[in-house]
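Dear colleague,

Please find below the structure that I am handing over to you.

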Amino acid sequence: MSTVAALPRSNYIRSLPTLSQAAGFIGLDTGGMSRAVAGLGIEPQRWGRRDKHLGIAEVLQVARVARRASLEEVAGSMLEWTEQNHPEALERTTGEIDEFFAQLPQPTATPPDEFLAELRAALPERWAEKAEKIWRAHAPNV
């Protein structure tokens with residue numbers, strides 16, 4: 001159940017980022033953003049004849065898949081943009097961001113043997129050995 005402040009539908013849609021603004025938050029070009037939105041089955045909300053707006057959670061969903069900018073960076077950009085352009089929607093935007101993050105699965109630690117195998121596969125042997133030595137010096141109970 002959402003606890004965010006309600007806005008009239010027209011004000012709500014206008015306060016959402018457009019497809020191109022969302023692309024900028026994430027670090028995609030508009031074409032890449034359109035493909036990502038279509039690939040995720042997201043239906044943008046239309047405003048007027050041309051503007052397509054995306055919900056806050058939808059922008060974060062694209063960011064999570066695109067992996068261009070961190071979710072925290074994208075959320076911060078949306079908050080800053082909302083504060084500057086639609087201050088009346090800031091509480092609602094904050095609430096929607098909080099809800100999105102609350103629904104994310106909790107991260108799990110990679111088992112040490114898998115981590116070390118990935119480290120060795122990604123680095124030249126000399127650097128992998130050095131990285132492992134540093135990691136072991138700082139990792140608890142390894």
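The notes below begin with the basis of the values and then turn to the findings.

This is a predicted model, in which local features need pLDDT of at least 70 and side-chain atom pairs count only at pLDDT 80 or more, while totals for chains, interfaces and linings use all residues. Residues are numbered from 1 along each chain as its sequence is written, and side-chain values use heavy atoms, with hydrogens and water left out.

Helix packing

Two packed helices are described by the angle between their axes and the distance between the axes. Helices (H or I, at least four residues) and strands (E, at least two) are DSSP runs, numbered from the N terminus. Axes are lines fitted to C-alpha atoms, for helices over the stretch in contact, with angles running from 0 to 180 degrees between N-to-C directions.

Helix α2 (residues 19–26) and helix α5 (residues 71–85) have axes that come within 8 Å and cross at roughly 135 degrees. That makes α2 oblique to α5 (under 35 degrees counts as roughly parallel, over 145 as roughly antiparallel, 65 to 115 as roughly perpendicular and the rest as oblique). Gln-21, Phe-25 and Ile-26 of α2 make the contact with Val-74, Ser-77, Met-78 and Trp-81 of α5, where contact means heavy atoms within 4.5 Å. By class, the contact of α2 with α5 has five nonpolar, two polar and no charged residues (Ala, Val, Leu, Ile, Met, Phe, Trp, Tyr, Cys and Pro count as nonpolar, Asp, Glu, Lys and Arg as charged, and the others, Gly among them, as polar).

Helix α4 (residues 56–66) packs on helix α6 (residues 90–103) at an angle of about 45 degrees, with the axes 9 Å apart. The two helices, α4 and α6, are therefore oblique to each other, and α4 passes α6 in a right-handed crossing. On the α4 side, Ile-56, Ala-57, Leu-60, Gln-61 and Arg-64 meet Arg-92, Thr-93, Glu-96, Ile-97 and Phe-100 in α6. The contact of α4 with α6 has five nonpolar, two polar and three charged residues.

Two residues of α6

Thr-93 lies in helix α6 and, at 0% relative accessibility, counts as buried (buried means under 20% relative accessible area, exposed over 50%, partly exposed in between, with a 1.4 Å probe and protein chains only). Leaving aside neighbours within four places in sequence, Thr-93 is in contact with Ile-56, Leu-79 and Thr-82. Glu-96, also found in helix α6, is buried with a relative accessible area of 15%.

Aromatic pairs

The structure holds three aromatic pairs (rings of Phe, Tyr and Trp, the last by its six-membered ring, with centres within 6.5 Å; planes under 30 degrees apart count as stacked, over 60 as edge-to-face and the rest as tilted). In one of them, the rings of Phe-25 and Trp-81 have centres 6.2 Å apart and planes at 65 degrees, so the pair is edge-to-face. Phe-25 lies in α2 and Trp-81 in α5, so this pair ties together parts that are 56 residues apart in sequence. Phe-25 is buried at 14% relative accessibility, and Trp-81 is buried at 13%.

Phe-115 and Trp-135 form a tilted pair, 5.2 Å centre to centre with 40 degrees between the planes. This pair links helix α7 (residues 112–122), which holds Phe-115, to helix α8 (residues 125–138), which holds Trp-135, across 20 residues. Phe-115 is partly exposed at 29%, and Trp-135 is partly exposed at 22% relative accessibility.

Yours sincerely

Key: A crossing is left-handed if the near helix is turned anticlockwise from the far one by less than a right angle, and right-handed if clockwise.
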